[in-house]
Amino acid sequence: MDIQSTETGSHGRYSTIVEGHTGEMTYSRSSPHLIIIDHTAVPDALRGKGVGQALAAHAIEEARKGGWKIIPLCPFMRAQVQRHPDWQDAIQT
């Protein structure tokens, strides 16, 4: 799945287009070493296709590469973090 990253000022977005529909995860950068994931949106047409999971995994990979941590404010991201104990190194506790 091809995931695009965009960041303008303190706001960022991970997005992907699948079957003509866009799924996205948005965040705010609170410091150079910390982002707050605040929203995940996956259209009904893409539910159950792993789009949200791919966006969450991408956020974790980006945090690891960038040396920052994530605060999972978004309920979807928070649930994913609970399901993946191996992601704890990228999560702000």
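What follows goes from the sheet to the helices, and then to a few side chains.

Keep in mind that this is a predicted model, where local features need pLDDT of at least 70, side-chain atom pairs count only at pLDDT 80 or more, and totals for chains, interfaces and linings use all residues. Residues are numbered from 1 along each chain as its sequence is written, and side-chain values use heavy atoms, with hydrogens and water left out.

Start with the sheet: it's open, has five strands in the order β1-β2-β3-β4-β5, and its pairing is mixed. Strands here are DSSP runs of E with at least two residues, helices are runs of H or I with at least four, and both are numbered from the N terminus. Two strands pair if DSSP finds at least two bridges between them. At the edges stand β1 and β5 (69-72), each with a single partner strand, so one side of each has no neighbour in the sheet. From one strand to the next, the twist averages 25 degrees; axes are lines fitted to C-alpha atoms (for helices, over the stretch in contact), and angles run from 0 to 180 degrees between N-to-C directions.

Now look at β3 and strand β4 (residues 34-41), which run antiparallel and are joined by seven bridges. Arg-29 has Ile-35 in β4 as its bridge partner.

Helix α1 (residues 51-66) lies across β1, β2, β3, β4 and β5, at about 140 degrees to β2. Helix α2 (residues 75-83) packs on the sheet too, touching β3, β4 and β5, and its direction makes about 115 degrees with that of β5. Contact means heavy atoms within 4.5 Å.

What about the rings? Ring centres of Phe, Tyr and Trp (its six-membered ring) must lie within 6.5 Å to pair, with planes under 30 degrees apart called stacked, over 60 edge-to-face and the rest tilted. That rule gives one aromatic pair: Tyr-14 and Tyr-27, tilted, 5.1 Å centre to centre with 35 degrees between the planes. Tyr-14 is in strand β2 (residues 11-18) and Tyr-27 in strand β3 (residues 21-31), so the pair ties together parts 13 residues apart in sequence. Both Tyr-14 and Tyr-27 are buried, meaning under 20% relative accessible area, while exposed is over 50% and partly exposed is in between (1.4 Å probe, protein chains only).

Finally, find Met-1, in the segment before β1 (4-8). Met-1 counts as exposed, at 56% relative accessibility.
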